[in-house]
Protein chains: 2
Amino acid sequence: MVCSLEDHREYLHQHGIKSTRPRNLVWEILLTHDGILSAEEIYQTVVQQGETVNFSTIYRVLELFVEKGLVEKSFFPGTQKNVFSVCHVGHTHHLICLRCHKTVDISPCPLSDLEKQIAAKTDFQIVGHHLEIYGYCPECRKIMK
Amino acid sequence: MVCSLEDHREYLHQHGIKSTRPRNLVWEILLTHDGILSAEEIYQTVVQQGETVNFSTIYRVLELFVEKGLVEKSFFPGTQKNVFSVCHVGHTHHLICLRCHKTVDISPCPLSDLEKQIAAKTDFQIVGHHLEIYGYCPECRKIMK
DNA sequence: AGTGCAAATGCAAGTTATTCGCATTTAGAG
DNA sequence: CTCTAAATGCGAATAACTTGCATTTGCACT
């Protein structure tokens, strides 16, 4: 599915998000990059495109996307950094390469049954979970050998 | 299983960890507290016991325990904080109450089969994963009603 | 029991990632 | 086109953690 810039604006509007230059830029970067990105990486990509968006705006835009359910925020293992990725329909998880940061979606989410079992057993009201699996992708494995 | 202070020292020694006042304190706090603790909470507990341990020492001790495989470091959802908990034999995960931070172990780890499947499918070398499930415990659910 | 030294700690300053306050600018409804 | 609430840029602030270095301490070896 190839979408034009206009389509993206439309998509953001549909989610109650006013279209602005920073928002469009961040959204397109997230869409075109298959994988997870840190705020820093998004900022750098913006700069490489010859644009400027303030760092705090990047954070505010990302926070907005997360709030609206368009983007998922998680942690990159072994760092203090948050990383962001576009939410896919039907809740997936990431298999993350520790070397090149490439990600593969794990879907469907393997935890819905487990959550039900756990809720029944513990009487907790379960509201969410974080799952990330990490390792090294085939390419990086070769390089590291 | 009730263990004396001496037993704890012995246990640390067995893992190649020299026994010092800060290390014993942190270890005992982690053991006696059933749940996850942030560095800050550990620091506060030390203070409440009438002792003092420098904050950087707390971090260094925790990092050491993690390195030696005694303690697991994870993130508390919705914050920027790392939290720490004693590793149990046979790798478990936590069900965390977002309100009172009480945790329940989920064991055995439900992911080992999944990891094998994913490794076979993607040719990744999988080195680890993070899984946390969060929600509200029965007590907090009552209080919040 | 005393001694030496590598390792651990305390302290203060530094870093990193993220957030906030406020003045200015802008998207988009009317 | 105009007005206004919302978004942005900027700089400063904060939170959580890390580091460098001088001092202290555990403990192996007399």
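Visitor: What makes the meeting of the B:Asp123 and A:Arg141 side chains a salt bridge?

Guide: This is a predicted model. The N to O distance for B:Asp123 and A:Arg141 is 3.4 Å. The cut-off is 4 Å, so the pair counts as a salt bridge. The count between chain A and chain B is two salt bridges. Polar contacts across the interface come to twelve residue pairs.

Visitor: Which element gives the largest share of the side of chain A that touches chain B?

Guide: Strand 6 of chain A, with twelve residues. Other elements giving two or more residues include helix 5 and helix 6 (138–144) of chain A.

Visitor: How do you know how chain A and chain B are related?

Guide: Superpose chain A on chain B. The rotation is 180°, the shift along its axis is 0.0 Å, and the RMSD is 0.1 Å. The two copies are therefore related as by a two-fold rotation axis. In chain A, the C-alpha of A:Leu131 is nearest the axis, at 2.2 Å. Both copies use the same surface: 100% of chain A's contact residues recur in chain B.

Visitor: How much area is buried between chain A and chain B?

Guide: About 3000 Å², with 68% from carbon and sulfur atoms. A:Phe124, A:His130 and A:Tyr134 supply 21% of what chain A buries against chain B, more than any other three residues. Each chain is named in the contact: 35 residues from chain A and 35 residues from chain B.

Visitor: Which residues have the most contacts inside the largest nonpolar core?

Guide: A:Ile133 and B:Ile133, in a core of 26 residues. Strand 6 (125–136) of chain A and of chain B are among the elements giving two or more residues to this core. Contacts of B:Ile133 include A:Leu114, A:Ile118 and B:Leu95.

Definitions and conventions:
Residues numbered from 1 in each chain as written. Chains lettered and ligands numbered in written order. Predicted model: local features only at pLDDT ≥ 70, side-chain atom pairs only at ≥ 80, totals over all residues. Heavy atoms only, no water. Least-squares fit on C-alpha atoms with pLDDT ≥ 70 in both. Contact = heavy atoms within 4.5 Å. Core = buried A, V, L, I, M, F, W, Y, C linked by side-chain atoms within 4.5 Å. Buried < 20%, exposed > 50% of the residue type's maximum accessible area, 1.4 Å probe, protein only. Helix = DSSP H or I, 4+ residues; strand = E, 2+ residues; numbered from the N terminus. Buried area = accessible area lost by both parts, 1.4 Å probe. Polar contact = N/O pair within 3.5 Å; in protein donor to acceptor, adjacent residues only side chain to side chain. Lists of a residue's contacts leave out its neighbours within four places in sequence.
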